[in-house]
Amino acid sequence: MSINGHASAEVIQALTASESAALNFGRFSPEAAGGEIRLSPDGIRSSTGSVSLGGGLYNPAIFNISGQPDFNVVVNLPTTPILITNNSNGKTMQILNWVSIPASSSTGIKIQSSGVITLNVGATLKVGNMNDNPVGLYNGTYAVTFSYN
Amino acid sequence: MKTTLKIFLFLVVAFGFSATAKAQTATGSASVTVLTPISIAAGTALNFGSIVPHLTETGTATVSTAGVRTLSTYIKAINTTGVAAATFNVTGIASQAYTITLPSTDVELAKGLDKMIVNGFTSNPTSGALSSGGAQTISVGAVLNVSADQAPGSYSGTYSVTVAYQ
């Protein structure tokens, strides 16, 4: 005697992420002592120490994450300082205190019905004095990981 | 007079024998044993749960007969909700052995035009033996083959399980 059994499986959309805006602290001058520049995930820039903020563009990083609606995505920002380097002289600066909006938690960020999360990322740039951080363009890369919870 | 009566009685008796002989029937004995046919009914359905495919690599999700799911390198999962081996309830003759035949060719799970292949069916036990009460539950597991960037959604399909007395 035969019978038909039923089998089923659910496929969840794989996560994809892209960077739509690179983290940019903009222009500034360290002046005598240096200090810190804090760029919040919602794009507010402030400084400490002798750092003098200049004009021009600055913006938080923006990532677009696509996945299965109603599932949670855990975002892991860098937990150790990331170095950015002046390509003409090899001098470096540290970026630390990475934060995001929406904030990441162990349970993750819920994907809305649109299937997309827009994640803004800000951080703090540690600036040395004029000798440590002479004029120039500093750049580097960092990793943000996304995974389903 | 007395003698005549005796003869008469005899004749009556003889006639009675004669009539009995003409309608004689013999009572033979015949017997047949009706065996309980084997029967199979579906219990729990085979469920691979929810999985996340890789964008560029294929992979598999295997559900064991114990209902434990294992994923190949590129396949991920968020939870094990719903994951289950199939069960079938077989009934028939007490203590009788029987064979279990699982699909030997690919089975398709479909979501519209999108498909996934299920194969590698296994059962526990591999060959059946009904209990003294004439029953046994068999469990079935299988392998789900997931394509790269497999389209999201719920896939379903059917497969056949056959049991027969040995």
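What share of the accessible surface of chain A belongs to carbon and sulfur atoms? I noted 51% of about 7,600 Å², the areas coming from the Shrake-Rupley method with a 1.4 Å probe, with only the protein chains shown counting as cover for residues.

I kept in mind that this is a predicted model, in which local features need pLDDT of at least 70 and side-chain atom pairs count only at pLDDT 80 or more, while totals for chains, interfaces and linings use all residues. Residues are numbered from 1 along each chain as its sequence is written, chains are lettered from A in the order in which they are written, and side-chain values use heavy atoms, with hydrogens and water left out.

For chain A I found 14 strands and zero helices (DSSP runs, E of at least two residues for strands, H or I of at least four for helices). Of its 149 residues, 39% count as buried (under 20% relative accessible area, 1.4 Å probe, protein chains only).

I then turned to the interface, where 20 residues of chain A are in contact with 34 residues of chain B (heavy atoms within 4.5 Å). The two chains bury about 2,300 Å² between them, 61% of it on carbon and sulfur atoms; this is the accessible area (1.4 Å probe) lost on being put together, summed over both.

Methods:
Buried < 20%, exposed > 50% of the residue type's maximum accessible area, 1.4 Å probe, protein only.
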